[in-house]
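Q: Please take a close look at a single part of this structure and describe how it is set among its neighbours. One connected account is enough.

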Amino acid sequence: AANSICSQKVRVVLAHHGLLPQHTPRLNPYTEMANAGQARKTLAKLSRPVVYLHGHIHEHVVEVVDFPKSSHSLPMHDRAVIIAAPELKHGFNKISVEFSATGFPLGVRVEKFRIGLGEQSVSREPDVVEVALTSRPTLTAAERQLFSYFVTHGAATGAELIHHARTGSGMKPTQVEALVHILRWTGLLRRNSQGTSHFAATGYLL
């Protein structure tokens, strides 16, 4: 079950060059073109999610490399999330990794902060990039019962889910919130209200 998974580590790599071919085509070959395949192979052997931060191209680009396996029992990808930063004079990115209540990495969030050229003010841009580090988890009987509520109704608020769990599956409010958090990162649920809302007031769609 997802709740029984022990905490997992996320590897963070800081580099100048990226792991993938240049986002902007160039005529001259460069070192990382020859060595990127070996670097990806090494990262795949870590069996852990990797956040790879680099510059070099001076563009805001987020890319994903998956390392699939034939037998995959844990609800996570062996995945590298590759994030390129802009030139510092143009701004910076804020990178955060979200974990479940049990310490399991759910996903990476990239927020963009940009500098206004005239007044040199820093502002946060509204579009936020979120990349999941999880696949669909194995659910317990109680968790499946709660998820069936979404299948029947198609949408629910946190308060409705807590009430349904209290009268049905017996899950605690903290367990309900943790499950919904995981399901949202895996793509099974969508949030239809502001992320700053309290869980009870937040709406979710199947």
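Strand S6 and its partners

A: Strand S6 pairs with strand S7 (residues 122-124) in the antiparallel sense, over three bridges. Strands here are DSSP runs of E with at least two residues, numbered from the N terminus, and two of them pair if DSSP finds at least two bridges between them. This is a predicted model, in which local features need pLDDT of at least 70, side-chain atom pairs count only at pLDDT 80 or more, and totals for chains, interfaces and linings use all residues. Residues are numbered from 1 along each chain as its sequence is written, and side-chain values use heavy atoms, without hydrogens and water.

Opposite Ile-115 stands Val-122 in S7. S6 also pairs with strand S8 (residues 129-132), antiparallel over four bridges, where Val-129 is the bridge partner of Val-110. With S5, S6 forms nine antiparallel bridges; Arg-109 in S6 is the bridge partner of Ser-96. Five residues lie between the strands of the S5 and S6 hairpin, in which Gly-103 has a positive phi near 85 degrees.

Ten of the eleven residues of S6 (residues 105-115) are buried, so the strand is largely enclosed by the rest of the structure. Buried means under 20% relative accessible area with a 1.4 Å probe, counting protein chains only.

Glu-98, in S5 (residues 91-99), is buried too, at 19%. Its side chain makes polar contacts with the side chains of Arg-109 (2.5 Å) and His-181 (2.6 Å). A polar contact is a pair of N or O atoms within 3.5 Å; within protein, one must be able to donate a hydrogen and the other to accept it, and residues adjacent in sequence count only if both atoms are side-chain atoms.

How values were computed:
Buried means under 20% relative accessible area, exposed over 50%, partly exposed in between (1.4 Å probe, protein chains only).
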